[in-house]
Number of protein chains: 2
Amino acid sequence: MKPKLTLKQIARELDVSVSTVSKALRDSVEISEETRLKIKAFAKLYNYKPNNIALSLKNRKTRTIGLVLPEIVHDFFATVISGIEQVANQKGYNVIICLSNNSFDREVMNMEMLANGSTDGFILSVAKETQQREDYHHLQEAINQGMPIVLVDRVVDQIVCDKVIIDDSEGAQNAVQHLIDSGCQKIAIITTVDYVSVGKLRTRGYLEALGKNNMVINEDLILKIEDVDQSQEEINEFLRTREIDGVFAVNEQFATSAIKALHLKGLSVPRDVLVFSFSDGELSRRFIPSLSTVNQHGAEMGAKAAELLIERLEKPVDEERFQTAIIKTSLIERESSQKTKTPVE
Amino acid sequence: MKPKLTLKQIARELDVSVSTVSKALRDSVEISEETRLKIKAFAKLYNYKPNNIALSLKNRKTRTIGLVLPEIVHDFFATVISGIEQVANQKGYNVIICLSNNSFDREVMNMEMLANGSTDGFILSVAKETQQREDYHHLQEAINQGMPIVLVDRVVDQIVCDKVIIDDSEGAQNAVQHLIDSGCQKIAIITTVDYVSVGKLRTRGYLEALGKNNMVINEDLILKIEDVDQSQEEINEFLRTREIDGVFAVNEQFATSAIKALHLKGLSVPRDVLVFSFSDGELSRRFIPSLSTVNQHGAEMGAKAAELLIERLEKPVDEERFQTAIIKTSLIERESSQKTKTPVE
DNA sequence: AGAGCGGCCGAAAACGATTTCGTGTTGAAA
DNA sequence: TTTCAACACGAAATCGTTTTCGGCCGCTCT
């Protein structure tokens with residue numbers, strides 16, 4: 001086990017000074033060709049790599065991005081990470097990931113942990129609990145300390161910074177419009193409680209679609225779910241007692257639960273009821289019937305977030321103008337929303 | 001935007017020396033109560049936090065774990081990350097994540113990127129391509145440089161280090177045994193090509209289960225898949241032309257593809273054919289019929305890996321004895337393998 | 001011959017923290 | 001009065017780099 005090579009060791013070995021070695025390796029004109037080549041050859045031979053920590057300290061830049069996410073066992077966030085990682089790595093940045101598990105305290109802890117010099121900036125999607133509390137002091141503090149933040153997906157309006165979102169409302173509206181166009185008259189929505197920003201927006205899209213088509217809005221067809229884990233029973237009960245011909249679910253989990261509930265009732269999807277979902281993941285692709293969904297393009301969101309952050313990091317003299325990038329959603333029509341295309345069962 | 005507070009600034013402000021400040025904050029007895037309290041009060045007031053990078057440089061420890069994974073949009077790896085993250089954070093470690101995308105080159109690049117002082121050690125699951133090439137020099141080099149490695153799930157025998165695996169073979173055997181116990185006579189297996197270590201082991205478990213029950217091994221009922229993306233057609237064709245009453249699939253994707261293929265053939269699961277899968281994820285839980293699977297306990301694997309690594313980092317005088325932790329698998333019996341429990345369709 | 005200049009290199013400071021080793025001031029013991 | 005220990009603090013080294021500044025040598029130009 002050999003400890004890593006340092007400039008000092010090279011200098012001692014070659015009988016020159018540390019500064020000479022440093023300059024030689026960085027191709028400074030101050031160093032004669034002869035010395036330069038000798039040092040470079042030696043460095044290459046013993047596979048010298050400058051110590052990142054020392055560089056970080058010297059440059060006061062870590063080339064590291066802090067990523068704080070509510071969860072990770074979730075296709076959407078996983079794809080976001082993919083997108084971030086790809087752009088970051090390509091630009092020579094590392095990504096430190098911390099999970100908040102949707103807890104406010106863990107989110108704050110994670111940010112404090114990373115803010116002490118470990119990262120140059122943050123990409124963050126706020127925890128559910130944070131949205132509920134509406135306490136964003138930790139975000140503001142990071143910004144005040146000079147650490148740029150890019151918010152992704154679950155953004156908060158009160159904080160002034162770069163943001164990457166999709167048009168949740170529009171995506172939902174398109175999905176519901178598609179159900180309407182397919183002949184649905186009584187469309188239920190299964191959504192989250194209102195403090196989850198994206199849930200609220202998707203609900204709004206649903207309402208707007210109905211409004212635009214002069215359809216009556218029936219509050220009785222709106223189910224707002226607090227706890228995903230206990231959603232199946234709620235959804236069963238909800239659908240058992242309502243007569244509907246279309247369901248719009250704001251995520252894959254609700255969509256599959258809805259289909260199960262409809263089966264319980266003896267109904268088939270898409271034969272009797274059409275279903276449209278949100279968030280395209282493995283589940284949507286593999287489910288039978290495969291789910292029509294609003295694609296959020298998570299990887300693209302992540303990539304954009306990383307680009308925005310890195311740009312801000314590398315052009316710090318940039319004006320204080322922040323932008324909100326809106327990634328286009330797209331409808332993926334699969335079996336669950338198409339009467340004509342009955343799946344194999 | 002105030003730059004972060006440093007010891008030097010506190011010292012200047014309070015008209016003492018940097019060393020005094022440092023000692024006061026660390027409760028050294030060398031400092032008088034009065035000075036100590038004054039300094040601590042000031043530090044608290046202005047929310048001083050020591051700079052992590054400087055500490056890392058000084059201590060030659062980063063308290064950061066490098067995690068290199070083949071992919072992340074995959075429930076298993078996502079849960080592994082969860083487990084690692086939880087243990088790491090609780091012990092005051094950060095986690096840097098890099099994705100290899102199953103590419104050998106990216107795996108090597110990532111490790112080089114992190115080995116230059118950014119992390120104290122690695123947790124790694126080797127890329128598919130790396131397993132195919134059987135080139136593990138980058139792992140050995142990291143170890144030679146004094147960076148401990150813990151291999152997870154996709155391990156390599158040639159490298160001597162701590163490892164965390166499940167008994168893939170035993171898990172598969174149990175699953176197949178369960179199919180046999182349920183009355184299956186002709187059980188097909190849908191697995192990966194052999195160079196994927198876990199695939200090979202699961203195949204072996206399948207063979208052993210058949211052997212133990214004195215069942216004839218029919219090579220014609222073994223399908224080895226190279227590319228997951230084009231697996232559906234292969235599986236369709238495979239199942240169309242074979243008469244079977246049970247399917248063991250080495251992952252959720254293959255399992256759902258198999259069920260689709262069986263539907264195409266006019267067969268129902270579990271009525272006509274029983275299906276057992278491997279890797280418990282959202283897909284297994286939500287699918288209709290829900291999938292019986294071998295649970296790999298990814299979070300537990302991740303947690304164990306983090307524990308092993310951190311232990312080795314903090315007790316460096318430890319003997320050079322490495323251990324391989326084998327996490328118990330467990331069978332989760334859901335609808336797809338139980339004739340009696342017909343799902344709602 | 002003296003001034004000036006360019007080529008080549010080393011010393012030292014800096015990044016922010018910890019730690020070892022002084023050093024000056026007390027007060028008490030001899 | 002001298003000596004010595006305890007006390008409270010500061011100077012400086014250290015971690016591994018980069019960079020500024022200055023120095024030395026030899027050469028050319030007047």
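Predicted model: local features only at pLDDT ≥ 70, side-chain atom pairs only at ≥ 80, totals over all residues.
Trainee: What makes the pair formed by A:K8 and DNA strand D a polar contact?

Mentor: An N or O atom in the side chain of A:K8 is 2.9 Å from a phosphate oxygen of DNA strand D. The cut-off for a pair of N or O atoms is 3.5 Å, so this pair qualifies. For A:S22 the distance from a side-chain N or O atom to a phosphate oxygen is 2.8 Å, and a polar side-chain atom of B:R60 lies 3.2 Å from such an oxygen.

Trainee: Which helix gives the largest share of the surface near DNA strand D?

Mentor: Helix 2 of chain A does, with 4 residues.

Trainee: Why is the pair A:E170 and A:K328 called a salt bridge?

Mentor: The side chains of A:E170 and A:K328 meet at 3.6 Å, N to O. The rule asks for a Lys or Arg nitrogen within 4 Å of a carboxyl oxygen of Asp or Glu, therefore the pair is a salt bridge. Across the interface of domain 2 and domain 3 of chain A, the rule finds 1 salt bridge.

Trainee: What area is buried between domain 2 and domain 3 of chain A?

Mentor: About 1,100 Å² is buried there, and carbon and sulfur atoms give 45% of this area. The centres of the two domains, taken over C-alpha atoms, are separated by 29 Å.

Methods:
Residues numbered from 1 in each chain as written. Chains lettered and ligands numbered in written order. Heavy atoms only, no water. Polar contact = N/O pair within 3.5 Å; in protein donor to acceptor, adjacent residues only side chain to side chain. Helix = DSSP H or I, 4+ residues; strand = E, 2+ residues; numbered from the N terminus. Domains from an automatic or database assignment. Buried area = accessible area lost by both parts, 1.4 Å probe.
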